[in-house]
Amino acid sequence: MAGSLAEDPASLGEQVAASVASVDPRRSLRPDSVHFLRTVALSVGIQGPTAGVIVGPAVLAGIVGAAGALSYLLALVAMSFVAYAFILFSRSSNSSSSVYAFNGSTLGAPYGFVSVWMLLLVYVSFAAGVYASTADIAGALLASIGFHVWWVWLAVLGWALTMVFGYLSFGLSSLVILACEGLAIALITVVGIAVLLHGGYRHRAFSSSPFRTHGIAFGVLGLGVVNAFGGFSGFEGAATLGEESARSQRTIPAAIAGSLVASAAVYIIFTWIVDNAYATPHALAADPAPLVHLATDYIGSAMGKLVNVAGVISAFGAQLACINAANRLLFSIGREVGDGRRASNLLVRTSTRYGTPRGALLVTGSVSLAALLAFSFERNAIRALTFIIQYGAYLVLGVYLLTVIAALVLVWRCDRRPIPLAILAIGIAVLSYVLHDTFQPLPNGPFRIVALAALASTMLGVAIALIPPVHMRLRRSELLSATRDGKAILNAPSAS
């Protein structure tokens, strides 16, 4: 089937679209219904840069001291090598399955299934963790005006709102995500400008000090880069809109690159501003929410509360984006392994009115809520979100490594161009370093359990892929049959 495509990427994209198309509105996503801004909104939403940068500089200051902005800059460079693999695949063909089609087309259906299984767990766990994050920020905001609410109730409220918007059309969901993140960035930008105009700490607002190493050991700087890596995860989320994005072969690569650069710019610029607004890295590390503190000091208490609001709305946009991405991945899995040609299959049921995967929403929403409630015994939301997000962070590193390896194999098999091979080899080296630094030695205490849970989840995905009926259905995948022309993938035109 694929052989007839020769090396024509346009034909490849058409055949991929045909392999997942359905005339049944009860099991169909809506093709060509999402344009660039709404596509990029999903990736940026998952990253949630505003919520991250409100606390991120303090975390990094505790690791690398005054070199926080440098850590984020190096993390952007490192993640760019990883993003190249996703861009390489998405230039020629796209589907809601994301890494399943990307990786399965090169190294086989089980490899692709394990990749998408892990990414599905990443998005579900990230959603659960961000419910807790939203609750924590909202709780602090309410406490500042005299109201004290148990964080779990706030998290469940956030989950309920996410389910409502997740069910409505993605066009509306994406507008909510864009509005949340756009308003949040506008608010913290006001704070950043105020700090710069006042000169920061002792008029060093424009100092390049945060971009210097200050003599710290390479290994310590590496730890900072590993931590900063987590802030950029989610750039690949746009790939789950492969069946809904207009001109997906151009829109999705551009969204992947654009979201990575945009989120990184927020982290780098605001970390630079915050670093230069504190007397010492120790003082910064001791402040749980530096941007809130700076907003209060430089503008007033009302602005401090508004920055808290910015964190809440950014976090809400993040959890909505995670659920939207998870829905589409589960929808694609249901289609591949659950006889998805029948609308009676829960996982592929879609709303005829909104075109959203309502069956998958029911499952991903329920699982994410269960993951949240499993940590409801924690006295504060921070501990809950730390464990849940860390679980997803372990898995997403594995997904990235699997995808970069698949891209390297693809290039090696087809034309062995030296520049793509070098870029992907660097990406593998970066991820290998990050994984080694993360798991050697194995974390102590509760994080050891989290790491082992991530490993067990991966092994469960392997076991599912090898179940004979599942394995046979994967081998008969029309989608993978349409994506096996490696030369067509590599010869796809640039997204630019």
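## Salt bridges

Let's start with Glu244 and Arg328, whose side chains meet in a salt bridge at 2.7 Å, N to O (a salt bridge being a side-chain nitrogen of Lys or Arg within 4 Å of a carboxyl oxygen of Asp or Glu). Glu244 sits in the loop between helix H9 (218-232) and helix H10 (248-275), while Arg328 belongs to helix H13 (residues 301-337), so this pair ties together parts that are 84 residues apart in sequence. Helices here are DSSP runs of H or I with at least four residues, numbered from the N terminus. Both Glu244 and Arg328 are buried; buried means under 20% relative accessible area, exposed over 50%, and partly exposed in between, using a 1.4 Å probe and protein chains only.

A word on the source: this is a predicted model, where local features need pLDDT of at least 70 and side-chain atom pairs count only at pLDDT 80 or more, while totals for chains, interfaces and linings use all residues. Residues are numbered from 1 along each chain as its sequence is written, and side-chain values use heavy atoms, with hydrogens and water left out.

The structure holds four salt bridges. One of them pairs Glu378 with Arg383, with the closest N and O atoms 2.9 Å apart. Glu378 counts as buried because its relative accessibility is 9%, whereas Arg383 is partly exposed at 40%. Arg417 and Asp415 also meet through their side chains, at 2.7 Å, N to O. Arg417 is partly exposed at 33% relative accessibility, and Asp415 is partly exposed with a relative accessible area of 33%.

## Around Ser90

Ser90 lies in helix H4 (residues 68-90) and is buried, with a relative accessible area of 0%. A polar atom of the Ser90 side chain lies 2.9 Å from the backbone oxygen of Phe86.

Leaving aside neighbours within four places in sequence, Ser90 is in contact (heavy atoms within 4.5 Å) with Phe102, Ser248, Gln249, Ile252, Pro253 and Ile256.

## A nonpolar surface patch

Over on the surface, Phe36, Leu37, Leu172, Leu175 and Leu178 form a nonpolar patch, with about 410 Å² of accessible area together. Patch members have over 30% relative accessible area and no salt bridge, and nonpolar side chains (Val, Leu, Ile, Met, Phe, Trp, Tyr) are joined within 5 Å. The areas come from the Shrake-Rupley method with a 1.4 Å probe.

Helix H2 (36-47) and helix H8 (170-197) each supply at least two residues of the patch, and H8 gives the most, with three. Leu175 is found in H8 and counts as partly exposed because its relative accessibility is 42%.

Note on methods
Patch = residues over 30% accessible without salt bridge, like charges linked within 9 Å, V, L, I, M, F, W, Y side chains within 5 Å. Polar contact = N/O pair within 3.5 Å; in protein donor to acceptor, adjacent residues only side chain to side chain.
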